[in-house]
Amino acid sequence: MKKIIALALAAAMVLSLTACSSSSNESSTTESSTAESSVVESSAAESSAATEASTAADGSVMTHEQFIAADVDSEVTVETYVQAKQSWWEDNGQGKATFYTQAEDGAYFLYEMPCTEDEYNQLVPGTKIKVTGYKSEWSGEIEITDATFEIEDGTWTAEPTDVTDLLGTDQLQDHMNELVSFKGMTVEASKDPDGKDVAYLYNYDGSGSEGDDLYFNVSYNGQTYSFTVESYLCDKDSDVYKAVENLKIGDTVDMEGFLYWYEGANPHITSVTVK
């Protein structure tokens, strides 16, 4: 009888050990599977981050968001559309021009981009171009320098975005270099070199003459801002240049232009309408 009981107990112990071994193996397999899954997910995330970081380096076209996130002085490549351009000029045999460009997701300022005079004449508003250069910053203005370009198929021109209510806010900078509009602003006095109140100045300090940049002050909601007519963009014979020369202190105006940046917002105005 004792022998039978002993055999029964031995059989039970064997079954118990077998069950424990099976459970341990299953637990180990589950933990291994979970660890492998974590490694795969981590590798995928690292791969995605690496791909994002190398977008500019491998010459791929960037989104505007990627361009803004890129380091200053890094190489960038974007597709964009010419919206306006400053005068073409030649520097030691190399033609150059500055362009205001924009795509549907943001704008780019192409500073002194090398081009021949024939190429400059081809780059009319709406022309699509692929640009490779270097992201640069000057006094707060984000631009592309030392650029090369190629003309691509397609045309597009931007409609101005009303940013009047963004004046004086951090959100205004999100629209840097875009074609924008300002509505219902009041012309304020500027001081000329003699201390006289005037509606505009030739050069920022009044030291210039007709043909130089025009500077004028406008206010909105009690705050005053300085706007510019850039003479290389809109010369003394342009409608906007003449319109500013005819402004009077106290006039209410609607304006359009490109949201250039110099130690803060310094819009380059291309259109002024007195209300």
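Colleague: Is Tyr 260 buried or exposed?

Modeller: In this predicted model, the relative accessible area of Tyr 260 is 10%. The cut-off for burial is under 20%. Tyr 260 therefore counts as buried.

Colleague: Which residues lie nearest the centre of the largest pocket?

Modeller: The lining of the largest pocket consists of 26 residues. By class, 14 of the lining residues are nonpolar, eight are polar and four are charged. Those nearest the centre are Trp 138, Asp 213, Glu 230, Tyr 260 and His 268.

Colleague: Which element gives the most to the lining of the largest pocket?

Modeller: The space in this pocket comes to about 700 Å³. Elements that give two or more residues to its lining are β3 (94-103), β4 (106-114) and β13 (223-229). With four residues, the element that gives the most is β13.

Colleague: What kind of pair do the rings of Phe 67 and Tyr 108 form?

Modeller: This is one of 11 aromatic pairs in the structure. The ring centres of Phe 67 and Tyr 108 are 5.1 Å apart, and the planes stand at 75 degrees. Planes over 60 degrees apart count as edge-to-face, so the pair of Phe 67 and Tyr 108 is edge-to-face.

Colleague: How many residues apart are Phe 67 and Tyr 108?

Modeller: Phe 67 belongs to helix α2 (residues 64-69) and Tyr 108 to strand β4, so the pair links distant parts of the chain. Both are buried, Phe 67 at 2% relative accessibility and Tyr 108 at 1%. They are 41 residues apart.

Colleague: How many residues apart in sequence are the parts that Phe 109 and Tyr 260 tie together?

Modeller: The rings of Phe 109 and Tyr 260 form an edge-to-face pair, with centres 5.2 Å apart and planes at 65 degrees. Phe 109 is buried at a relative accessible area of 3%. Phe 109 is in strand β4, while Tyr 260 is in the loop between β14 (252-258) and β15 (268-274), so the parts tied together are separated in sequence by 151 residues.

Colleague: Which residues do ring pairs link into a cluster?

Modeller: Phe 109 and Tyr 260 are among them. The cluster linked by ring pairs is Tyr 100, Phe 109, Phe 258 and Tyr 260.

Colleague: Which residue lies over the face of Phe 67?

Modeller: A lysine also lies over the face of Tyr 120, namely Lys 85, at 4.0 Å from the ring centre. For Phe 67, at 5.6 Å from the ring centre, the residue is Lys 135.

Notes. Residues are numbered from 1 along each chain as its sequence is written. This is a predicted model: local features need pLDDT of at least 70, side-chain atom pairs count only at pLDDT 80 or more; totals for chains, interfaces and linings use all residues. Side-chain values use heavy atoms; hydrogens and water are left out. On a 1 Å grid over the protein atoms alone, a cavity is a set of points where a 1.4 Å probe fits but cannot get out, and a pocket is an open set with protein on both sides within 12 Å along at least five of seven lines; lining residues have an atom within 4 Å of a point. Grid points are joined across faces, edges and corners, and a volume is the space filled by probe spheres set on the points. Ala, Val, Leu, Ile, Met, Phe, Trp, Tyr, Cys and Pro count as nonpolar, Asp, Glu, Lys and Arg as charged, and the others, Gly among them, as polar. Rings of Phe, Tyr and Trp (its six-membered ring) pair if their centres lie within 6.5 Å; planes under 30 degrees apart count as stacked, over 60 as edge-to-face and the rest as tilted. Buried means under 20% relative accessible area, exposed over 50%, partly exposed in between (1.4 Å probe, protein chains only). A charge sits over a ring if NZ of Lys or CZ of Arg is within 6 Å of the ring centre and within 35 degrees of the ring normal.
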